[in-house]
Amino acid sequence: MNQPIKLGFDAKRLFLNWEGLGTYARTLVKNLQQQFPNHEYHLFTTEINEELGAYFINHPNFKIHTAKGQKEIWRSKGVVKDLIREHIDLYFGLSNELPYGIDKTSIKTLVTIHDLLYLKFKSQFSWIDRLIYSRKFKYAINASNKIIATSQHTKSDIVKQFNVEAGKIETLYQSVHPSFLNADISWDRQYFLFVGTVNERKNLMLVAKAMQALPKNERPLVKVVGRGKKYKDLVMGYLKEQNLLTHFEFFSSLSNKQLIKLYQHAKALVMPSFYEGFGRPVIEALHLKVPVIISKSSSLPEIAGQYGIVIDYYDAESLAKAIKRISKENTKAFLEGSEKHLEQFETKLLVKKL
């Protein structure tokens, strides 16, 4: 990517998602521009949240293009006319999809596949949503010139589910927000931390059951960061029934600064998910020298490496033992050498490979 080119991005998540796909998009695009300042960066979005997109709106290298006509139809198909008109050389689908018809143009394409959640955890999706996702994923995977998978586990899933040649897929890990890289390390550890949407897949109920399994005088405080609906109500009902409410504190949404502060004083991150395509909280925690307790499901052991305590996602007793172990062990010794492991998640490495 030495010669100046016009890069186009599906920037809906960049402008509209506070976490997850939004963080991935903002971090990647911003670092690409810093590494390759001679390129033009065209961001195509259905709408703009100026609070999230301030850097991109106010930077001369970025050109913002918003929807013409019905937003979702434009994003899934109509945007192709705009890409042609702007003479885009390479279009990057940052969140699992490409616009229909782009394979009929001369525009080169990349697509990031973050996970196959709609196939792996079907209960979270209606049949119509699964049908829509199936068509979008299949088209993007077949039409793209190159696929980026956010973990080796996700790459293997793509190969198996879509019969794709492994050579078409590059595994490029996600990075954390730059503010995590510059944050201070604190050894004042007071509680356990759970970060993620409070839904069935994230498995907060197992944390509740592990707390119930611990002796009353050994139950720590657990701080939970994430929104939730029916499943959260189910967990809250269990906590109330077992008289555990005083051991849990809930936060629906936090800024990066607030989230980092929570990590800094956590004894460990607890992430017993049934399925993760990547698992960003794991590397957020490790960057701040916070141990992680993870399930041996999907990508999590790959992302944590030797720095995670691995449990079965259905075993509350095992999680209770891990919580007791972390409470007693020397955290510094447990995470010795983790800096080398975290190098593979640096955005600069990702950008270099692209």
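Leu131 counts as partly exposed because its relative accessibility is 34%, where buried means under 20% relative accessible area, exposed over 50% and partly exposed in between (1.4 Å probe, protein chains only). The model is predicted: local features need pLDDT of at least 70 and side-chain atom pairs count only at pLDDT 80 or more, whereas totals for chains, interfaces and linings use all residues. Residues are numbered from 1 along each chain as its sequence is written, and side-chain values use heavy atoms, without hydrogens or water.

Leu131 lies in helix H6 (residues 127–143); helices (H or I, at least four residues) and strands (E, at least two) are DSSP runs numbered from the N terminus.

Seven strands form an open sheet with parallel pairing, in the order E3-E2-E1-E4-E5-E6-E7; two strands pair if DSSP finds at least two bridges between them. Strand E3 (62–66) and strand E7 (169–171) are the edge strands, each pairing on one side only. On average, neighbouring strands of this sheet are turned by 20° against each other, direction ignored, with axes being lines fitted to C-alpha atoms, for helices over the stretch in contact, and angles running from 0 to 180 degrees between N-to-C directions.

Two helices pack on this sheet. Helix H2 (residues 21–35) touches strand E1 (6–10), strand E2 (40–45), E3, strand E4 (90–93), E5 and E6, contact meaning heavy atoms within 4.5 Å. The direction of H2 makes about 160° with that of E2. Helix H4 (residues 71–85) touches E1, E2, E3 and E4, and its direction makes about 145° with that of E2.
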